[in-house]
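Hello,

Here is the structure I promised to pass on.

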Amino acid sequence: MSSSALNVPRQSHLKDLDFSVVQQCMHCGLCLPVCPTYAATKVERHSPRGRISLMRAIAEDRLEPSRTFAREMYFCLGCLACMSACPAGVDYAQLFEHARAEAEASGVLRSPRRNLLRAFAIRWLFMDLRRLELLGRGLRLWQELGLEGLLRRSGLLKLLPARLRELEALTPDLEPQFSADLIAPLTPARGPKNYRVAMLTGCAQDLFFSRVNRDTVEVLARNGCEVVTPPEQLCCGSLHAHTGELELARQLARKQIDQFPPDQFDAIISNAGGCGSHLKHYETLLAGDPRYRDRAAIWDRNIKDIHEWLIHIGIRPPPDHAPPQVVTYHESCHLAHGQKIVTQPRRLLAAIPNLKLVELPESSWCCGSAGIYNLIQPEMAGQLLDRKLNHIRSTGAPIVATANPGCLLQLINGAKQRGLNLRVVHPITLLAEAYRAGEASRMKVE
């Protein structure tokens with residue numbers, strides 16, 4: 001029997017949210033120029049101010065959730081640029097998550113196809129990364145046997161709908177090994193041990209950029225850190241929180257805290273901008289859980305982005321043997337706007353000998369990846385990607401550094417589709433390469 005038949009009111013995430021969060025917006029409009037969807041459309045409801053007005057109307061019981069409301073919440077990138085611009089300190093990240101949860105709880109977007117996709121990906125695949133790894137191994141085998149290329153050359157893909165062809169073209173190459181194959185469960189510090197840290201390997205990061213995880217652990221060890229990296233880890237819950245599944249996000253947060261007791265480490269390291277932003281808000285996520293909220297507060301204090309941590313402890317300068325290179329830097333939205341980490345990646349790059357950093361115009365403007373945004377809103381994502389790549393080309397730099405797996409994939413695919421000779425790389429990889437270059441030079445001398 002349905003809840004409506006029993007006269008049980010549907011849960012409203014926006015009505016249940018602390019109203020001070022909902023009413024904080026002053027409607028000043030300073031968020032409008034920095035909002036990519038408003039800049040592209042000039043439509044008020046496509047702005048943070050317009051979306052907050054819709055959220056407030058629902059919270060005040062003046063509006064019922066509709067398909068228009070739900071679609072608007074998913075047209076938002078969630079890039080959080082508005083939070084950097086807002087003089088009132090509106091917590092748009094929390095509003096955004098609760099608004100999407102409201103959309104999902106209302107059921108206005110439900111369809112058999114959508115329900116199946118969400119059940120498979122969000123509620124099953126990403127709740128246990130052993131399942132994701134199994135899928136990844138199958139995809140890796142498909143690519144290694146050349147079947148992916150054979151299918152593309154066969155012309156059979158032309159029989160698929162255009163959107164499926166576009167999605168297939170976005171399929172990235174998987175790393176030949178997962179993080180657990182590259183990183184020992186315990187990596188000792190090289191030289192004196194000054195810190196004990198834990199390393200989060202992630203889900204997309206592990207599938208597509210496991211070598212970035214290896215580079216991160218290597219750099220930490222070179223900077224006096226003993227690194228604990230359990231081979232079996234969990235999704236951080238960012239995907240779930242951003243797709244309206246807050247309870248699943250809470251379940252994953254509890255499991256993370258259990259696996260990495262925060263009081264046992266000097267820091268818990270994330271090298272993915274989007275994940276790190278979510279990981280730093282477990283205290284808010286678990287505020288209603290008396291068993292976990294105190295540990296969640298310690299967790300939030302101990303979660304550190306890799307750039308943030310290295311600048312905090314002081315980077316050991318690499319030897320002056322790195323080759324000359326010109327690099328520009330694209331800021332991950334959630335690293336810059338969510339975590340407020342802006343100068344640290346630049347300082348890390350500046351520590352690399354013979355590296356010239358060329359500032360990127362609109363460096364903090366979203367590239368269109370935004371989690372799964374490029375999958376569900378391909379047209380707007382494509383416009384933002386074009387804008388970003390044009391700015392990257394204007395710098396003349398053959399290398400662009402960025403610190404989020406979604407951004408890395410978006411820029412790699414964009415450069416490939418446009419035939420650009422562009423290396424897209426995580427800043428930590430450039431630092432690891434500089435250390436190795438110095439070590440190789442020293443070994444030659446010896």
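**What I found**

Leaving out residues up to four places away in sequence, Glu218 touches Arg190, Ala432 and Arg436, where a contact means heavy atoms within 4.5 Å. Glu218 belongs to helix α14 (residues 210-222); helices (H or I, at least four residues) and strands (E, at least two) are DSSP runs, numbered from the N terminus. With a relative accessibility of 14%, Glu218 counts as buried. In these notes buried means under 20% relative accessible area, exposed means over 50%, and partly exposed is in between (1.4 Å probe, protein chains only).

Before you read on, please keep in mind that this is a predicted model, in which local features need pLDDT of at least 70, side-chain atom pairs count only at pLDDT 80 or more, and totals for chains, interfaces and linings use all residues. Residues are numbered from 1 along each chain as its sequence is written, and side-chain values use heavy atoms, with hydrogens and water left out.

**The whole protein**

The secondary structure comes to 26 helices and nine strands. Along its principal axes, the C-alpha trace spans about 80 × 55 × 45 Å. How does the radius of gyration of the protein stand against that of a compact globule? The protein has 22 Å, which agrees with the value near 22 Å for a compact globule of 446 residues; the radius is taken over C-alpha atoms, and the globule rule is 2.2 Å times the number of residues to the power 0.38.

Of the 446 residues, 53% count as buried. For contacts between residues at least 6 apart in sequence, 78% join residues at least 24 apart. The accessible surface is about 20,300 Å², and 55% of it belongs to carbon and sulfur atoms (Shrake-Rupley method with a 1.4 Å probe; for residues, only the protein chains shown count as cover).

On charges, there are 54 positive and 45 negative side chains, with the centres of the two sets 4 Å apart. Lys and Arg count as positive and Asp and Glu as negative, while His and the chain ends are not counted; the place of a charge is NZ of Lys, CZ of Arg, CG of Asp or CD of Glu.

Two strands are said to pair if DSSP finds at least two bridges between them.

If you follow β4 (residues 267-270), you will find it paired with β2 (residues 195-199) in the parallel sense over three bridges. Val197 has Ala267 as its bridge partner in β4, and Ala198 stands opposite Ile268. β4 also pairs with β5, again in the parallel sense and over three bridges, and here Ile268 is opposite Ile303.

Are the faces of β4 buried or exposed? Both are covered, with Ala267 and Ile269 buried on one side and Ile268 and Ser270 buried on the other.

In the loop between α16 (246-259) and β4 you will see Pro261, which counts as partly exposed at 21% relative accessibility.

Helix α20 (residues 306-313) is mostly covered, with seven of its eight residues buried. Among them are His307, Glu308 and Trp309. Just after α20, Gly314 takes a positive phi of about 95°.

Tyr329, in strand β6 (residues 325-329), is buried at 2% relative accessibility. Setting aside neighbours within four places in sequence, Tyr329 has contacts that include Leu335, Pro345, Arg346, Ser363 and Pro427.

**Two backbone angles to look at**

Most residues other than glycine have a negative phi. Lys340, although not a glycine, has a positive phi of about 60°. Lys340 sits in the loop between α21 (333-338) and α22 (343-350) and is partly exposed, with a relative accessible area of 45%.

Glu362 is not a glycine either, and its phi is positive at about 55°. You can find Glu362 in the loop between β7 (355-358) and α23 (373-376), where it counts as partly exposed at 31% relative accessibility.

Best wishes
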